[in-house]
Structure formats: C-alpha cells, structure tokens
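User: I would like to go through the packing of this protein chain, question by question. Please set out the terms as they come up.

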Amino acid sequence: MSRFMIGLDIGTTTASAVIFTPQGEVVSEYECAYSTYHPKPSWSEQNPVEVEKAARDAITFSLSQSRLDATDIIGVSISSSMHSLLCINEQNEPISPLMIWSDSRSYPQAAIMNETYGKGIYENTGTPIHPMSPFVKLIWMKETQYGPYYEAGRFASIKEYIIYKWCGQWKVDYSIASATGLFNIHTLDWDSEALAIAGVHPTQLSTVVPCTEVVGPLSVKVADELMLTTETPIIIGSSGGVLANIGIGAIHDSETALTIGSSGAIRRFTTQRTTDDHQRTFQYVFTNEHSIIGGASNNGTVALKWLARQFSTLTKRDTIETIDLESLAATSSAGANGLFFMPYLAGERAPKWNAKAKGGWIGLTLSHNSADMIRSVMESVIFNMYEIQEALTEKAGPTKKLLISGSFVRSPLWVQMTADIFHKTVLLPKSDHAITWGAAWLGLYALGKVNSMDEIKQYIPIEKEILPSVKNIAIYEEHYHLFKELYVKNKPLFADLDRLQQ
C-alpha cells in the first residue's frame, strides 16, 4: 500500500523534492540547483531544460536515497515560483530563455502603464504593474520586436512546461495563472483586455484548472527516469507562496505568514476579491472561494549576504558568514543608534513596486561602528516587511496570529526583531519544509487521503513562541515612521542614480 507523498518545489534557484509520511515526517529530501544568467543589466534568465532536469533529478535522488519503491508513493504534488515566462513554438519546444520574476528589463513599459491604464488592469487581475509580471514582459516583447514572441505558438510558465514534458498536457493551476497579470480574479478566466494589450490569444495559453487537478499519467519514459510508475498521480498543486502558508498552518483569515529567504513575502488567505487602491499588495486566486493577498520583497537575507561579502573583501578573509555578522549586530542596540539602511539593493516589489529603487545608509556619523551598520541592515528588512503588513491590515483586517518561516528564522536576533517591530508574538513552526509540506498536504487532500486543508494544523508542531520586548516596541515605532519617510524623500533621485549606473 502506498505510504508516502512527494512534495516538489521548483524554486527560483533550486528544485527540491521532499518525501513525507502523511503525518509530515521527512523520509528523504534532495535539492538540485540551476543557474540564472544575466546577459544584460536587469535581465534574469534560466535555461528551461536545465530546470526541468533539476526537477527530475530531485525526485530521482530523493527516492534512490530513501530506498523506497514506486509503489510506496501516493503521489507527487508540485509547487513553483511565480511570474516566469517562456515562449513555446508550434512543436511545443522552448524557443526563448525562461524569464524569471527578477527580470526587470520591462521597467519602461511598467512605468508608462502605471501612469495610464495600469490601474484598471491591476483591479481586474490583482497583479501589480511591475516588471516581474508576465503581462508586462509580454508588452516588452511586443514593443521591442522580440523574435521568439512572434514565433511562439504559446506562452507558459516553467511549471506548465514541466507538466507538458512529463504528462503531455498544457494545464495551469489558478495560482500560477493568476500571477501572470493575464487572469481576471473576478471572472476566473483569462482577462480579455489584458490579452488584447499583450497581443496574446487565449489559445496560446494553457487550460486553467483547480490546484487539486491530477494531470497525469506520466509518460513511460519520464516514469522510468523518475523511478515512478505511469499510474503515480501527479497533482498540479499551486504556487510556492500559497503552499508556504499552508505548510506552516497560516490558513484562516486572521493568520499571517511571514517568509524571508533571499527575498521575502508576507501573505494571508482571504475570501474577498478586492484590490488595493494604492497597488501596494497583490491578490492571487487559489481556489474558487479563496485568494492569497500580500506582498513580496526583493530584499531579504540577500542584503545581509551582500554585506558579508563586503566584509570578507575588506578583511581579506576567504569568507565571513552571516552568523558572524549577526553576533556583532547583537552588540548594537535596538534602532542601531539612529542609523538607517534603505534595503532596496535589488530594486523593490511590495509595497513600493519600484524596480529602480536603490539602497544605502542614511545617518552615518563617525560615532557609528560596524555593529550599528549590520544591525541597521537587518532592521531595514523587517521594517519593509512590516510596511507590507500595514497595507495588508487595511485590506484584510488585523493579524491575530503571525507565523514565520524561511532561512532568516535561524537568526535569533532577526526573529526577535520581527516580534518587536510587528509588536506581535511570533510563532516558529518546527519544520523547515513549509513549501514542500504544503504541496504534499495539498496532494493528500486532492487524492482524498485527508478530509480538509485545516487538518494540516495537527501536523505542524510549534517549536517556540517569541514575545516582543516592550522597551524595543517603543523604540522601533519611532524609527519605523522615519524609515518610511526616507524612501519618500529619496525616491525622486532613484531614476537619475539608475541612469548613472547603466
């Protein structure tokens, strides 16, 4: 009898396969990395063949090291990052690189749309007008005479391409479709206005299906390579953001998930279909009834990793680990002695949606030291996430429960900052496989092995609760208001700075 579920996550930099018991215990896991190429400034591309192979290898190696048979596997449920775009020819082969969410070449098109008809498109689709959006990427392709755009028989995300390669079907789940900027969150169908502007016909897009759709069977060749059978159910799943919420139990309206890895996001489920007047948040459909609302930041732990590289160069050490920086930051006090950092090293998505935003310290004096500099960088990441939370609260009401995940939870200092800046008790689940466990549980639900999505809460033990410091709350409230003002005052300079950096 089948006893194990595979959660597969096709992330921004790696494909990860984790084999779980139905109770959430990890049996085996394997991760395969792939490269991101930057042939020009602001371009971020991947090879779809490399990504698809990494997804296959992740499953194959996780199975081989677990010594399980194909008959032990209940099914495979898939998660993937959002906003990827691939041009496919009439022979169903890719004819362009995979443009991923961080590709910002379409900034000029986004800027013009934001000044004209962009607000109406955002209200229909829930996807902010930003270079991350496949809709905006398609406009860039159209306006710059991008060859593959005119040769394409269809346009697809990386998950759709992999499902076609494995199962021979062009299908897309609600969540990935919704994040294209081409899907109407009110009619639950491709948006005719967005398609007309992008120059795309509905027949060039995949069939939209529920996240519980079984898209198999696997082809014989792929089943053999994956060490599975053609009868193994393949569940289409959802996006990584949605599944991260599920995987840590942030399922109800008042439960918010904060995830920070290299980038960051804050999200919650809602049954309402309303967008933000200031376009600070996204809203992506999950099911007929539920959407996920929130915002994503480009600048998470990547900011501290960047700083670690600079310190390594300055000290001529091979490597300085971020944990070394965190230990030093702990010797500074809350508020970093009045030093601020604008964390927009990679431009920014929510709540600014400004791909040209820049980073830097404000307030440096001779009295500041390296500990203050490090701490200010760490605080800025959380300030930015809290600013997204403010917009989220306006649209969906206050957060009653804040659950966190991502690599930043390995830092006790960063976790305490989160509690202090959000002035909330922070819940830290024990598992560090939020996305893949969410995918696996969704697969179990799709196959009728569990009765509801809510039941996952029984299998997500909380490792600890972190209480905010009353003293630090007061300090951070004052600093946060100034942090927001710094962006407003410096925003007019970003375009000129960007021009000098080209």
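Analyst: Contact here means heavy atoms within 4.5 Å. This is a predicted model, in which local features need pLDDT of at least 70 and side-chain atom pairs count only at pLDDT 80 or more, while totals for chains, interfaces and linings use all residues. Residues are numbered from 1 along each chain as its sequence is written, and side-chain values use heavy atoms, with hydrogens and water left out.

User: Which residues does F135 touch, not counting those up to four places away in sequence?

Analyst: The count leaves out residues up to four places away in sequence. With that exclusion, F135 touches M113, I121, I129, T180, G181, L182, A194, I197 and A198.

User: How many residues are in the largest nonpolar core, and which helix gives the most to it?

Analyst: A nonpolar core is a set of buried Ala, Val, Leu, Ile, Met, Phe, Trp, Tyr and Cys residues joined through side-chain atoms within 4.5 Å. Buried means under 20% relative accessible area, exposed over 50%, and partly exposed in between (1.4 Å probe, protein chains only). Helices (H or I, at least four residues) and strands (E, at least two) are DSSP runs, numbered from the N terminus. The largest core has 112 residues, with F135 and L138 among those with the most contacts inside it, and the helix that gives the most, 10 residues, is α13 (residues 370-396).

User: What kind of aromatic pair do F183 and W190 form?

Analyst: Rings of Phe, Tyr and Trp (its six-membered ring) pair if their centres lie within 6.5 Å; planes under 30 degrees apart count as stacked, over 60 as edge-to-face and the rest as tilted. Y174 and F183 are 6.0 Å apart centre to centre with 55 degrees between the planes, a tilted pair. For F183 and W190 the centres are 5.8 Å apart and the planes 85 degrees apart, so the pair is edge-to-face.

User: Is Y174 buried or exposed?

Analyst: The relative accessibility of Y174 is 12%. Y174 therefore counts as buried.

User: How far is the charged end of R105 from the centre of the ring of W140?

Analyst: A charge sits over a ring if NZ of Lys or CZ of Arg is within 6 Å of the ring centre and within 35 degrees of the ring normal. The charged end of R105 sits over the ring of W140, and its distance from the centre is 4.9 Å.
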